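Here is a set of questions and answers for a reader who is new to this structure. Each answer sets a value against the rule behind a term.

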Amino acid sequence: MSVLEGKHILLGVTGSIAAYKAADIASKLTQAGAEVDVVLTEHARRFITEVTFRAITRRPVLTDLFDEPEERQIAHIHLAKRADVLLIAPATANVLAKLAVGIADDLLTTLALATQAKMVIAPAMNTAMWQHPATQHNVKVLEGRGATFVYPAEGMLACGDVGAGKLADTSTILATVEAVLNPPLRGVRLLVTAGPTEEPIDAVRHISNPSSGKMGYAIAEEAARQGARVTLVTGPTLLEPPAGVRVIRVRTAQEMLNACLQVYDEVDVVIATAAVSDYRPAEVWQGKRKKGEEEWTIRLVPNPDILHTLGERKGKHVLVGFAAETQELLHNAQAKLREKNLDMIVANDVSQEGSGFRSDTNRVTFLWADGRQESLPLMTKREVAHRLLDAVRELVLPSG
Ligand code: CTP
C-alpha cells in the first residue's frame, strides 16, 4: 500500500509555463490513493483550467479566498487543518518570495500561512530567475523553516535558455512527498563530524587546514530532513548550523574526540567528514609569542585518530569515513577502510578541480567493506550527501 493512501494533499499550482504538468502530478497522487485538493492561483488559471483538475481529482478546485463551497465553512482554514502535505508545483519565483516573507494575498499563500502541514516545493522558472540571489535567499529561508524543495532540473526551458529551472519529474516530486510523509531515516541516530580542527601554537596562532565543513554540514542537513536524529560535532567553520540538528562546537582534535566519545553510545551511525589535524604542537605558548631574530622550531606530536578510536569499539555501530587523498586514491582509501574498521569509506581526490576542500562540488568513489565500489560523477556536495545517505540507509536498515 502506498504511503499516500488516504492522505490529504493540498496541491498549489502557480503561474508557470509548467503548470500543465501539475495535471499529471494530481493524477498520479489520486491514483496512489491520496485525496487531492487543488488550489490554483490567478496566474495559474491563465495556463490551465479548473475543469482539468476537477476531472482528475473528482473534487472541487479552489481558486478564490472568498469562494466558500457550501459544505465547507471558511474553506481555507478547513483545508489547512486537514492537509498532511502542502505541495506547491510548479512554484514561481514570485510565490517563493511571498512565502519567504509571509505575504498572504490569495488563497494559496493564505493556506501556506494557516497550515501546519509539511511543505514540499517544486520550483520552475527561467534559469536567471532561479539563480538570482533573491530567489536563492528565499529558498534558504524556506528550507530553514522546514520546507522540502524538489530542486528544478537542468534542460531546455520554454524561453529557449538551457540551464536549471525545469520542473522536476513527476516521479521525483512524488517520491519526495512520500519521503516527507514517511521519512526514510526516521529513528536513525547519526553523529557527523565536520570542519577542520585547530591546534593552538600560542594565544593567537594555530595549525589547521582549509576544510570548510560544507560536506559534513550538507550530510547533517540532509539526514535531519530525512528524519534522522543528528548530532553534529564541528570544528570552527563559517557555516550556519542546519535546522533541527544538535550542534557541539569544538576546536581541537582532542576536544572533538571527547565530544564524539560522549555521544557514541547514543548513536547508531557515525559519518566522519572532519579534516582532523593529525599533529599538534607539543607545547602551547602562554600568551602571544613575540617575534625575534632566531629560528623558531615547533615540535609536533601526533593527535588521536578519532575514527580509529571509534572503530576499536565498534559494537553495532555503522561507521563511515572519508579519505582525502592526493595520490593512489583507491588504494589508500581501501587501507583506511580496513585499518579504521569501517563499513564504508568515501574516497575523495582533493587534488582534482571541483573536488574537496572549500568547493561546493565533489567527485567521490564509495568503497564498502565487502569489496563493492561505486564511482560517482562530479556533483554538488548536497547530491553526494543524498547518495551517501541512501547507502547508509541500506547499511542500517538492510530490509527496509
Ligand atoms: N580522522 C579522524 N581522526 C584523525 C584523522 C582522521 O577521525 N585524527 C578521520 C577523518 O574524519 C576521515 C578519515 O579518518 O573520515 C580519514 O581521514 P584522512 O585525513 O583522509 O586520513 P588520515 O587517517 O588522517 O591519514 P593520512 O593523513 O595519512 O592520509
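## The ligand shell and some local features

Q: What classes of residue make up the shell around the ligand?
A: In this predicted model, the shell around the ligand has nine nonpolar, one polar and four charged residues.

Q: Which of the 14 residues around the ligand come nearest?
A: Ala-272, Ala-274, Leu-307, Lys-336 and Lys-340 come nearest.

Q: Which backbone atoms lie 3.0 Å from an atom of the ligand?
A: A backbone N or O atom of Pro-304 lies 3.0 Å from a nitrogen atom of the ligand. For Ala-324, a backbone N or O atom lies 3.0 Å from an oxygen atom of the ligand.

Q: How much of the ligand does the protein bury?
A: The ligand taken alone exposes 570 Å², and the protein buries 78% of that.

Q: Which elements give two or more residues to the shell around the ligand?
A: They are helix H11 (306–312) and strand S16 (318–325). The largest share, four residues, comes from S16.

Q: Why is the pair of Lys-28 and Asp-24 called a salt bridge?
A: The closest N and O atoms of Lys-28 and Asp-24 are 2.8 Å apart. The cut-off between a side-chain nitrogen of Lys and a carboxyl oxygen of Asp is 4 Å, so the pair is a salt bridge. Side chains of opposite charge can pair when their charged atoms come close. Both residues lie in helix H1 (residues 21–31), four residues apart, about one turn of the helix. The structure holds 23 salt bridges.

Q: What kind of peptide bond joins Ala-89 and Pro-90?
A: The bond is cis, with omega about -5 degrees. Pro-90 lies in strand S3 (residues 85–91).

How values were computed: Residues numbered from 1 in each chain as written. Predicted model: local features only at pLDDT ≥ 70, side-chain atom pairs only at ≥ 80, totals over all residues. Heavy atoms only, no water. Near = heavy atom within 4 Å. Polar contact = N/O pair within 3.5 Å; in protein donor to acceptor, adjacent residues only side chain to side chain. Areas by Shrake-Rupley, 256 points an atom, 1.4 Å probe, with all protein chains shown as cover. Nonpolar A, V, L, I, M, F, W, Y, C, P; charged D, E, K, R; others polar.
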